[in-house]
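This report is meant to accompany a first look at the sequence and the structure.

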Amino acid sequence: MSNPDAIIIGTGVIGAAIAFEMAKAGHKTLSLDRNAQVGHGSTAGSCAIIRMHYSTFDGTAFAWEGYHYWRDWADYLGLHEGANLAQFKQTGCLVMKTEANGQLEKHMKYSAELDCPFEEWSPEQITDKLPVYTLDSFAPAKRMDDPEFGHPNGRKMGGAVFWPQAGYVTDPALSAQNLMEAAREHGAEVRTGAEVVEILQSDGRVSGVKLADGEEIHAPVVINVAGPGSAIVNAMAGVLDDMTIETRPLRQEVVHVPSPEGFNFEEQGTIVSDSDISLYVRPEHGNHILIGSEDPECDPHQWCQDDKDYNREFTDQWTTQAMRYAQRVPSLGIPSKTRGVVDLYDASTDWIPIYDKSSLPGFYMACGTSGNQYKNAPIAGKMMAALVDYCEGGGDHDAAPLQFQLPYTGHMIDVGFYSRKRPINEESSFSVLG
Ligand SMILES: NCCCC(=O)O
């Protein structure tokens, strides 16, 4: 493509969704990715959880909207019959009521306001669904060298809330590839193995990018969707100065362990968010359980200097997470061979993403996704396409933020909620839960 209207840096699930939505709207997009295949950055390591409970009303509205695209995936993409599509598995999501999450009062209030279905469950209903669970409380989460680790605190879990529409996507990299294939049908182009090393500027606005091999590609719009590399790309563009929200690569380990004897978690399990032990889990293929961290205060954050050079081996983080889960499931067997994923989040200061323009005209960013935006990729793609049109059409998004109507639910989003210049949002969980 000699003259793209827009260059999109990154072909993860959000970058691919932006390409699809912009191409559908008539833009000539060129997507660039340094990896050899679409969706092979941090999207490939995503747990691909589609859930609705967020700590803010806007976060809940966005996630509830986001669910509908996964439910209607084939229709949304409009690809040919027989296309190999990622699958959405609707398992529901059970969230334990705890002191840490305020007994989920605000989460239920937000869901009720948005007509997002949920059910309050008693301890007996939890046990019916998950008979391998003990409902002893262990809070707060501890390190394994704490003498109290593994000892119940004398209290019992008081109940939970179940969001029945929640689930997960079986192959997140494939979902990004689906989006990019759909984008191509609308004329989008993609180049993999293409690493951006410079953001070009002329006459006070962005004018394109330079690749590692020296090639320059010109376009009036460039969008940074570089995932954990977002801060490096923002620095190349010189747009960090007016940002109150920072983005940084954060290393995370995700554990895969076999279901305990006599219980098929893959078939009978559900997603569980359990802030009593600071873990979330979901069914994983091969009758495994996937265990991720909800970032308790006792665990030091593993910030990385850049998104290429980090330890890809499992550490005691893996064992700590597995052992914390064994508190809840005493019959869990923990294999000596570690299995799972080591990858990076593009974590923002308040664990809420940035979907915004920048101080450099024509340069945009969809970043700081903090491990909790996979589910929102399609709606983020639509919103970013609308934002580009609004700003390129003369709208002053900083002074008069775009108001964007969510197509399925009809809710109106003030896109300024995702501003790079917002005050830190104190309503956030400051964890992967957003
Ligand atoms: N990336 C871990 C799970 C994120 C989420 O449930 O939103």
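How many C-beta neighbours does Asp58 have inside 10 Å, and does that count as buried, partly exposed or exposed? The model is a predicted one, and in it Asp58 has 18 C-beta neighbours inside 10 Å, so Asp58 counts as partly exposed. Asp58 belongs to helix 2, and once residues up to four places away in sequence are set aside, Asp58 touches Ile413 and Phe417. Although Asp58 and Phe417 are 359 residues apart along the chain, their C-alpha atoms are separated by 7.7 Å.

**Domains**

The domain assignment divides the chain into domain 1, made of 6-84, 171-246 and 350-418, and domain 2, made of 91-166 and 249-345. The C-alpha centres of domain 1 and domain 2 lie 29 Å apart, and the contact involves 20 residues from domain 1 and 23 residues from domain 2. On the side of domain 1 that touches domain 2, the elements giving two or more residues are strand 3 (49-50) and helix 2 (57-71), and helix 2 gives the most, with 5 residues. By class, this side of domain 1 has 10 nonpolar, 9 polar and 1 charged residues.

In soluble globular proteins, nonpolar side chains tend to be buried together. Here the largest nonpolar core has 112 residues, of which Ile18, Ile223 and Met384 touch the most other members, and this core draws at least three residues from each of domain 1 and domain 2. Leaving aside neighbours within four places in sequence, Ile18 is in contact with Ile8, Ile223, Val225, Ala366, Gly381, Met384 and Ala385. There is also a second, separate core of 6 residues, among them Tyr345, Ala347, Trp351 and Ile352.

**Backbone features**

Another backbone feature is the cis peptide bond that joins Ala139 and Pro140, with omega about -5°; Pro140 is placed in the loop between helix 5 (123-129) and strand 7 (160-163).

**Helix 9**

Helix 9, which covers residues 316-328, has 13 residues and reaches 19 Å from its first C-alpha to its last, close to the 18 Å expected at 1.5 Å a residue. The buried residues in helix 9 are Trp318, Thr320, Gln321, Ala322, Arg324, Tyr325, Gln327 and Arg328. They pack against strand 14 (247-258), strand 15 (271-274), strand 16 (279-284), strand 17 (288-293) and strand 18 (340-348).

**Ligand surroundings**

Which residues are around the ligand? They are Ser46, Cys47, Ile49, Arg51, Tyr280, Gly292, Gly371, Asn372 and Val432. Divided by class, the residues of this shell comprise 4 nonpolar, 4 polar and 1 charged.

Methods. Residues are numbered from 1 along each chain as its sequence is written. This is a predicted model: local features need pLDDT of at least 70, side-chain atom pairs count only at pLDDT 80 or more; totals for chains, interfaces and linings use all residues. A residue is near a molecule or strand if its C-beta atom, placed from the backbone, lies within 6 Å of it. Ala, Val, Leu, Ile, Met, Phe, Trp, Tyr, Cys and Pro count as nonpolar, Asp, Glu, Lys and Arg as charged, and the others, Gly among them, as polar. Domain bounds come from an automatic or database domain assignment. Two residues are in contact if their C-beta atoms, placed from the backbone, lie within 7 Å. Helices (H or I, at least four residues) and strands (E, at least two) are DSSP runs, numbered from the N terminus. A nonpolar core is a set of buried Ala, Val, Leu, Ile, Met, Phe, Trp, Tyr and Cys residues joined through C-beta atoms within 7 Å. A residue is buried if 20 or more other C-beta atoms lie within 10 Å of its own, exposed if 12 or fewer, and partly exposed in between; C-beta atoms are placed from the backbone. The expected span of a helix is 1.5 Å times one less than its number of residues.
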